Amino acid sequence: QVQLVESGGGLVQPGGSLSLSCAASGIIFKIMAMGWYRQAPGKERELVATITSGGSTNYADSVKGRFTISRDNAKNTMYLQMNSLKPEDSAVYYCNADPPTNLAPYDYWGQGTQVTVSS
């Protein structure tokens, strides 16, 4: 059974840092495109960053230069290093796995982890 489990969320002051992790099981992790999404109260879920199986990355303009997405295939884990955090970064952050199109037509999601940026 496919399972994605996020961890590392919490409360941090503006300008601070947090590191999120997404541990994957039940999938062939190394061939999966992965990503982080977030959803704040009253807002739609939005893409934060993605990383392909080959290691190519993309970032939302709002986090570019502050966040870094990475993966460790030996640990079946994806990471999001968040620096210079702002109050508007507060949201539930979700892990996403996107299989190759020829393997599955749908994505997998974790349960989310709360990030709160406040003084």
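This note walks through the fold, the salt bridges and a few loop residues of the model shown above.

1. **Ground rules.** This is a predicted model, in which local features need pLDDT of at least 70 and side-chain atom pairs count only at pLDDT 80 or more, while totals for chains, interfaces and linings use all residues. Residues are numbered from 1 along each chain as its sequence is written, and side-chain values use heavy atoms, with hydrogens and water left out.

2. **Overall fold.** The protein chain contains zero helices and 11 strands. Here helices (H or I, at least four residues) and strands (E, at least two) are DSSP runs, numbered from the N terminus. In sequence order the pattern reads β-β-β-β-β-β-β-β-β-β-β. The radius of gyration of the protein chain is 14 Å, close to the 14 Å from the globule rule for 119 residues, so the chain is as compact as a globular protein of that length. That radius is taken over C-alpha atoms, and the globule rule is 2.2 Å times the number of residues to the power 0.38. Along the principal axes, the C-alpha atoms fill a box of roughly 45 × 25 × 25 Å.

3. Among the 119 residues of the protein chain, 39% count as buried. For relative accessible area, buried means under 20%, exposed means over 50%, and partly exposed is in between (1.4 Å probe, protein chains only). Of the contacts with a separation of 6 or more, 55% come from residues 24 or more positions apart; a contact means heavy atoms within 4.5 Å.

4. **Surface and charge.** The accessible surface of the protein chain is about 6,300 Å², and 48% of it belongs to carbon and sulfur atoms. Accessible areas come from the Shrake-Rupley method with a 1.4 Å probe, and for residues only the protein chains shown count as cover. There are 9 positive and 9 negative side chains, with the centres of the two sets 5 Å apart. Lys and Arg count as positive and Asp and Glu as negative, leaving out His and the chain ends; each charge is placed at NZ of Lys, CZ of Arg, CG of Asp or CD of Glu.

5. **Salt bridges around Arg38.** The model has four salt bridges, each defined as a side-chain nitrogen of Lys or Arg within 4 Å of a carboxyl oxygen of Asp or Glu. Arg38 pairs with Glu46, with the closest N and O atoms 2.8 Å apart. Arg38 is buried at 5% relative accessibility, while Glu46 is partly exposed at 35%. Arg38 also forms a salt bridge with Asp89 at 3.0 Å, N to O. Arg38 lies in strand β4 (residues 33-39) and Asp89 in the loop between β8 (77-82) and β9 (91-98), so this pair ties together parts 51 residues apart in sequence. Asp89 is buried, with a relative accessible area of 0%.

6. Lys64 and Asp61 meet in a salt bridge at 3.3 Å, N to O. Lys64 is exposed at 51% relative accessible area, and Asp61 is exposed at 67%.

7. **Two positive phi values.** Most residues other than glycine have a negative phi. Asn76, which is not a glycine, has a positive phi near 50 degrees. Asn76 sits in the loop between β7 (67-72) and β8 and is partly exposed, at 27% relative accessible area. Ser84 is also not a glycine and has a positive phi of about 50 degrees. Ser84 belongs to the loop between β8 and β9 and is partly exposed, at 40%.

8. **Phe29, a buried loop residue.** Which loop holds Phe29? Phe29 is in the loop between β3 (18-25) and β4, and it is buried, with a relative accessible area of 2%. Leaving aside neighbours within four places in sequence, Phe29 is in contact with Ala24, Met34, Arg71, Asp72, Asn73, Asn76, Thr77 and Met78. Phe29 and Asp72 are 43 residues apart in sequence, with their C-alpha atoms 9.5 Å apart in space.

9. **Gly55, a partly exposed loop residue.** Gly55 is found in the loop between β5 (46-51) and β6 (57-59), and it is partly exposed at 39% relative accessible area. Gly55 and Ser70 are 15 residues apart in sequence and 7.8 Å apart in space, C-alpha to C-alpha.
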